[in-house]
Amino acid sequence: MTATGDDEDATGDWDDAVAVVDLDERGWPLRDTRAGPRPVPPPGLLDHFAARLTPPSWATDVVVYVHGWQTSRTSSRQAVRELLGLAERQLARRPELYPALGGAGGTRPDGAAGRGFAPWPVLIRWPSRSLPSLGGYRRVRDRAHAMSTAGHAADVIGQLLGCLDARRGDPREAPLLAGRGGQYLHLVGHSFGCRFLCEAVQWAAGAPGGTLGWSTPAPPGRPFTVDSMLLFQMAAPRDAFAETFTELAGAPLRGPVVATYAQGDRATGFWHLRAEKRTGIGHAGIGTAPAPVSGIRMRGTDDGYPHAVLDHRFVSVDASHVFVRGRGPAGAHSDHLRAESAHLLLSLADHSR
């Protein structure tokens with residue numbers, strides 16, 4: 001991918017690289033036909049993924065992005081393009097902050113030179129539109145929950161991640177300390193999209209990882225291993241990890257579960273409180289969890305994240321001073337597409353090496 005230079009559009013030329021998987025209201029994948037989008041026949045699900053989910057040879061990392069509430073098909077693609085464009089710019093501006101990515105002559109833990117950060121984005125889209133009201137928020141909340149419980153989203157995304165894991169590049173050709181396929185796998189969610197990722201990882205029963213960056217032991221017998229999970233403004237109660245996503249402490253995650261929050265996020269504050277009688281993670285941070293929660297402040301783009309700061313199972317990141325833009329019912333709920341967010345993603349990728 002090429003940087004955008006002085007252009008204020010941070011999306012770069014990522015549009016052509018984005019692999020898109022569309023889900024219907026049941027959480028089942030759709031395919032394009034002459035008659036419009038239609039559900040993929042169940043016997044053809046793995047073939048459907050196989051045709052779309054082979055990481056290109058140039059990729060060093062795979063970034064799976066799931067959008068949130070009130071996100072259109074077009075804006076979801078723009079969001080992942082913008083986040084990766086911001087990461088590209090940040091890495092070019094301050095490479096010394098990410099030595100394992102090859103910045104400033106950096107090396108991986110085995111002493112080999114880093115190959116940089118060339119992420120391949122996989123976008124998972126789902127029907128998230130509703131009226132910007134309490135009723136609309138509840139409707140999408142119920143839909144997201146149903147898609148993962150009564151529907152198919154959890155096992156479908158879990159199988160998607162398993163397919164990606166199986167198709168990572170040959171480690172003999174890509175000299176990385178990554179999982180068995182040679183490329184790192186990162187999950188990024190926003191709003192209700194965070195729930196889908198948590199459900200999918202919890203659903204997995206999968207295989208050991210192999211990345212050496214994090215201290216968490218790789219759980220045995222898993223179908224895939226994820227190197228990091230970054231959850232922006234999660235639309236779930238503060239105690240969701242202790243009450244709903246209880247298996248994440250021992251899930252196929254080699255790296256941390258990192259969740260941002262901001263007090264200017266009205267969607268997970270004002271609306272979430274009225275819809276679920278509890279404040280959301282995106283407004284007040286992770287509350288209780290199956291493992292200790294480390295609370296930190298989001299850092300500026302010139303201030304690095306030491307390994308010890310992020311090397312915890314759960315990390316709650318206060319971004320109240322960064323995510324401040326946004327008017328109307330949602331407030332700053334969608335103000336996560338920031339250079340500081342890209343810095344956090346790059347830091348997780350760097351420490352995964």
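Tutor: Contact means heavy atoms within 4.5 Å. Among contacts in the protein chain between residues at least 6 apart in sequence, 73% join residues at least 24 apart. This is a predicted model, in which local features need pLDDT of at least 70 and side-chain atom pairs count only at pLDDT 80 or more, while totals for chains, interfaces and linings use all residues. Residues are numbered from 1 along each chain as its sequence is written, and side-chain values use heavy atoms, with hydrogens and water left out.

Student: How many helices and strands does the secondary structure of the protein chain come to?

Tutor: There are ten helices and ten strands. Both are DSSP runs numbered from the N terminus: helices are H or I with at least four residues, and strands are E with at least two.

Student: Why are α2 and α10 called roughly perpendicular to each other?

Tutor: The axes of α2 (residues 73–93) and α10 (residues 339–352) come within 8 Å and cross at roughly 75°. Angles under 35 degrees count as roughly parallel, over 145 as roughly antiparallel, 65 to 115 as roughly perpendicular and the rest as oblique. The two helices are therefore roughly perpendicular.

Student: Which residues of α2 and α10 meet?

Tutor: From α2 come L83, L84, L86, A87, Q90 and L91, and from α10 come A339, S341, A342, H343, L345 and L346. They divide into nine nonpolar, three polar and no charged. Here Ala, Val, Leu, Ile, Met, Phe, Trp, Tyr, Cys and Pro count as nonpolar, Asp, Glu, Lys and Arg as charged, and the others, Gly among them, as polar.

Student: What makes α10 largely enclosed by the rest of the structure?

Tutor: Buried means under 20% relative accessible area, exposed over 50%, and partly exposed in between (1.4 Å probe, protein chains only). By that rule 13 of the 14 residues of α10 are buried, so this helix is largely enclosed. Of the 353 residues of the protein chain, 58% count as buried.

Student: What do the buried residues of α2 pack against?

Tutor: Those residues, including S76, A79 and V80, pack against β4 (61–66), β5 (119–125), β6 (184–190), β7 (228–232) and α10.

Student: Is F117 buried or exposed?

Tutor: F117 has a relative accessible area of 13%, so this residue is buried. Its place is in the loop between α2 and β5. Leaving aside neighbours within four places in sequence, F117 is in contact with T60, D61, A87, L91, L101, L346 and A349. The C-alpha atoms of F117 and L91 are separated by 8.2 Å, although the two are 26 residues apart along the chain.

Student: Why is A242 called partly exposed?

Tutor: The relative accessible area of A242 is 33%, so this residue is partly exposed. A242 lies in α6 (residues 240–243). Apart from neighbours within four places in sequence, A242 is in contact with T288, A289 and P290.

Notes: Axes fitted to C-alpha atoms, helices over the stretch in contact; angles between N-to-C directions.
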